[in-house]
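Biologist: I would like to learn how to read side chains and strands in a model. Could we go through one case step by step?

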Amino acid sequence: DDGSDRESRQGHWEQVYTKKGENETSWFQENPAPSHELIQQVGAAHASAIIDIGGGAARLVDVLVEKGFQDVTVLDLAGAALDAAKGRLGAHAVHVDWIVADATIWDPPKAYDIWHDRAAFHFLTEESDRASYLVRLKRSLKIGGCASIDTFARAGPGQGGGWPSVRYDSWSSGEGVGGV
């Protein structure tokens, strides 16, 4: 892998978020209740380290900050998406760690209690990128932590935001992804 797919992927998402407002995207979710409820159901405490992979301009970060979570990180390929979220949060943005990076090559700086991904994994069309992503997940998820990775269903769209996606069968395991 020469990194060209990663560069292309990053350039694509930068362009999407530079040209469109968050509510102009097909995946816009005004209220991220399902993600927030999942985080509550796994027993997250206000001090839990939570990372939102591909969180971009999504509003989960707003809810987590509003609810008093103190260790929130948002990672996204597109700096423009993170800038939109920071702008929306205003002065509260300083309470969040913002990381512009590709989750397939990023070096996690710490361990997390909760790994949340509603927007990235299904866009990893190369097996090597998916494997690399899972290495990072395993490396950075605390023992006893929770990973939630949402993907497009088999009958779902073959692309999102103009980028090809991989579709999956329904799957759930108490063991987590790859035995994490």
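Modeller: Keep in mind that this is a predicted model. Start with two residues: tryptophan 115 and tyrosine 133 are both buried.

Biologist: What is the relative accessible area of tryptophan 115?

Modeller: Buried means under 20% relative accessible area. Tryptophan 115 has 0%, so this residue counts as buried. Its aromatic pair with tyrosine 133 is edge-to-face, with 5.5 Å from centre to centre and 85 degrees between the planes.

Biologist: Which elements hold tryptophan 115 and tyrosine 133?

Modeller: Tryptophan 115 is in strand β4 (residues 112-117) and tyrosine 133 is in helix α5 (residues 127-140), so the pair ties together parts 18 residues apart in sequence.

Biologist: How many aromatic pairs does a search of the whole structure find?

Modeller: The search finds four. In one of them, the ring centres of tryptophan 106 and tryptophan 115 are 6.2 Å apart and the planes are at 45 degrees, so that pair is tilted. Ring pairs link Trp106, Tyr112, Trp115, Phe121 and Tyr133 into a cluster.

Biologist: Now a strand. Why is strand β1 described as largely enclosed by the rest of the structure?

Modeller: Look at burial along the strand. In β1 (residues 49-53), five of the five residues are buried, so the strand is largely enclosed. Ala49, Ile51 and Ile53 point one way, while Ile50 and Asp52 point the other way.

Biologist: In which sense do β1 and β4 pair?

Modeller: They pair in the parallel sense, over four bridges. Aspartate 52 has histidine 116 in β4 as its bridge partner. β1 also pairs in the parallel sense with strand β2 (residues 71-76), over five bridges.

Notes
Residues numbered from 1 in each chain as written. Predicted model: local features only at pLDDT ≥ 70, side-chain atom pairs only at ≥ 80, totals over all residues. Heavy atoms only, no water. Phe/Tyr/Trp six-rings, centres within 6.5 Å; stacked < 30°, edge-to-face > 60°. Buried < 20%, exposed > 50% of the residue type's maximum accessible area, 1.4 Å probe, protein only. Helix = DSSP H or I, 4+ residues; strand = E, 2+ residues; numbered from the N terminus. Pairing = 2+ DSSP bridges.
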